[in-house]
Amino acid sequence: MIYYLVFIVFLIGLYGVCCKKNIIKIILGLSIMEYAVNLFLILLGYRKNGIPPILEKGMSVNEFAQRAVDPLPQALVLTSIVIGLGTLALMVAIAIRIYQRYGTFDITEIKKLKG
Amino acid sequence: MSTVILFVALPIGMAFLIPMVSRKLKWFPDVSGNITTFILLLLSLKMIGNYGNYYVGGWKPPYGIVLVFDELACFFLIVVNLIAFISTLYAIEYLEKLFTSKLRYYSLFLLMVGGMNGIILTGDFFNLFVFLEISVIAAYALVGFGCQSRELEAAFKYLVIGTVSSLFILFGIGLLYGKFGTLNMADIARFINKTGFDEAVKFAFVLLLVGFLIKSAAIPFHSWLPDAHPSAPTPMSAMLSGVVVKACGIYGLIRITYNIFGFNEFIGNLFIFIGILSMMIGVLLAVTQWDYKRLLAYHTISQVGYIIIGIGIGTPLGILGGLFHLLNHSVFKSLLFLTSGSIEYSTGTRDLQKMGNLVKKMPVTSFASLVGALSISGIPPFNGFWSKLIIILAAIKAGKPAVALWAVIGSILTLASFSKVQKYAFFGKGEKFDEEIYNKCKEVPHLMKMSMVILSILCIFGGLVVINGTECILKPVIKVVSDGVLPYINKILGS
């Protein structure tokens with residue numbers, strides 16, 4: 001069920017990217033999509049009442065395997081957040097430069113390229 | 001086998017070294033950038049025949065990251081590093097006049113090359129995503145490198161569409177991980193081979209397919225390309241059209257359809273449909289353009305259509321045609337972009353109507369442009385002819401004569417479009433011919449000439465060499481693709 005919610009968040013972000021005319025709102029839409037994907041990855045590794053994936057002394061391997069959360073999605077999400085930060089920084093920098101050149105954030109007025 | 005890691009480590013390491021060192025040493029970015037790409041080219045040529053896997057950190061798959069150096073990866077590495085070397089050679093004098101910050105250019109450029117080498121080598125899905133992002137983020141920054149209003153607009157458009165496609169790919173990878181609990185490509189292929197396509201796998205496949213099709217700019221997803229490719233500095237445009245579209249897009253398509261999910265008739269027909277659409281619409285849009293670089297960018301869409309058709313036909317002959325055309329396209333399209341950059345360098349304009357009679361002022365450039373134009377439109381001894389011929393033959397042999405007919409029509413329209421370029425720019429003049437531009441322009445410096453001449457020679461003789469030596473040059477590459485899923489799994493995981 002919760003996966004459907006994640007997908008709905010993803011689609012909201014996609015709607016923002018496709019239909020909004022303000023550059024800042026497009027950037028926000030992309031961020032929302034990215035969070036949806038990150039949330040999805042984190043949920044894959046979620047386990048109720050899970051323990052950290054560290055094998056302590058006196059713990060049997062079977063019990064560990066049953067209770068520990070999956071650490072891989074967390075590592076993936078960390079990487080993906082860092083990549084997202086890089087993209088976001090570049091996007092915002094370009095948006096600032098565009099504002100300096102065109103004096104507007106409205107993409108319907110930014111149309112020097114056509115054909 | 002451990003030299004394989006150099007393909008990734010060397011360019012990325014140099015990318016970080018250049019900004020640190022070259023504030024003191026002004027000559028350092030040029031020299032180190034060229035030497036790095038040259039070493040990568042030599043390395044990729046030297047490694048032919050030396051195939052195997054490299055386990056990063058000594059962890060065996062499916063637990064660790066594995067770099068897969070097989071024939072297909074070797075082929076793509078040669079293409080990437082060849083064009084990267086020519087492009088850096090050209091950049092030395094080109095950037096001197098038109099752009100100020102060489103250090104940032106080379107740093108981003110090497111980052112991009114390292115990312116692409118990583119995409120090609122990796123055998124792990126998440127690692128593929130990371131390398132993809134490294135190379136495309138550098139590419140976004142390089143498209144907007146000039147910081148003029150048009151370039152920023154193109155960079156923003158590329159950035160938004162590219163990020164959406166990357167997120168589709170990441171979503172697909174997440175679904176596959178949730179389904180199978182592994183990220184190793186061969187391991188996932190093994191599971192899919194065992195269980196078959198169910199709903200989740202289909203959804204993941206569609207997400208990955210759309211992501212890679214956006215990256216390779218096939219027609220319904222092409223809208224970023226005609227803006228982004230002309231806006232970049234010329235050596236970068238050559239790199240974008242010649243290599244980035246292929247390493248980030250086409251390579252991913254080939255790997256996931258043939259080696260991981262398995263090829264079938266439906267996917268093949270889908271590819272052929274998208275290919276014909278890209279080929280025809282791309283070339284029709286190109287015919288009406290007056291901006292030389294924009295015209296070339298539309299031709300990239302059209303030629304990528306040919307490559308996708310070749311892959312979609314699915315017989316070994318079709319794949320041969322597709323991959324051979326990929327190699328040829330990266331050579332002649334880079335050549336054409338370099339000539340457009342030379343014209344911009346000496347005349348200061350990209351508008352075909354304002355140029356004219358350049359053959360008298362710039363003989364080397366116009367010769368190179370003629371060679372490129374004849375290659376791209378498929379005139380006999382040049383390399384474009386052989387690969388288009390193979391694609392057409394493969395289509396006829398596979399019982400799809402309509403595809404062959406479309407390919408021929410596309411080729412004729414390409415010829416029409418390039419005869420327009422030759423007439424207006426080099427061998428005649430249009431109505432808006434600008435006398436002032438003509439008088440002050442002169443031939444470009446030597447290194448720029450040299451890089452164009454190298455690519456021209458490859459255009460003229462490369463096709464003949466490869467077509468005569470297909471048995472030993474391209475056959476092993478085709479075998480990796482057409483053998484499909486099982487040999488790939490066995491190669492990485494052991495049988």
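Visitor: Which helix gives the most to the nonpolar patch?

Guide: In this predicted model, helix H1 of chain A, covering residues 2–19, gives the most to the nonpolar patch, with 6 residues. The patch takes up about 580 Å² of surface, and among the residues that make it are A:Ile2, A:Tyr3, A:Ile8 and A:Ile32.

Visitor: Why is A:Ile8 called partly exposed?

Guide: A:Ile8, which is found in helix H1 of chain A, has a relative accessibility of 45%. Buried would need under 20% and exposed over 50%, so A:Ile8 counts as partly exposed.

Visitor: What makes B:Phe75 and B:Phe76 an edge-to-face pair?

Guide: The structure holds 29 aromatic pairs over all chains, and in this one the ring centres of B:Phe75 and B:Phe76 are 5.8 Å apart, with 90° between the planes.

Visitor: Where in the chain are the partners B:Phe76 and B:Tyr251?

Guide: B:Phe76 and B:Tyr251 form another edge-to-face pair, at 5.0 Å centre to centre and 70° between the planes. B:Phe76 lies in helix H3 of chain B and B:Tyr251 in helix H10 of chain B, 175 residues apart, and the pair thus links distant parts of the chain. Both B:Phe76 and B:Tyr251 are buried.

Visitor: How do you know that the charged end of B:Lys420 sits over the ring of B:Trp290?

Guide: The charged end of B:Lys420 is 4.2 Å from the centre of the B:Trp290 ring, and the distance part of the rule asks for NZ of Lys within 6 Å of the ring centre. The charged end of B:Lys420 is accordingly described as sitting over that ring.

Terms used. Residues are numbered from 1 along each chain as its sequence is written. Chains are lettered from A and ligands numbered from 1 in the order in which they are written. This is a predicted model: local features need pLDDT of at least 70, side-chain atom pairs count only at pLDDT 80 or more; totals for chains, interfaces and linings use all residues. Side-chain values use heavy atoms; hydrogens and water are left out. Rings of Phe, Tyr and Trp (its six-membered ring) pair if their centres lie within 6.5 Å; planes under 30 degrees apart count as stacked, over 60 as edge-to-face and the rest as tilted. Helices (H or I, at least four residues) and strands (E, at least two) are DSSP runs, numbered from the N terminus. Buried means under 20% relative accessible area, exposed over 50%, partly exposed in between (1.4 Å probe, protein chains only). A charge sits over a ring if NZ of Lys or CZ of Arg is within 6 Å of the ring centre and within 35 degrees of the ring normal. Patches are made of residues with over 30% relative accessible area and no salt bridge: like charges are joined within 9 Å, nonpolar side chains (Val, Leu, Ile, Met, Phe, Trp, Tyr) within 5 Å. Accessible areas come from the Shrake-Rupley method with a 1.4 Å probe; for residues, only the protein chains shown count as cover. A salt bridge is a side-chain nitrogen of Lys or Arg within 4 Å of a carboxyl oxygen of Asp or Glu.
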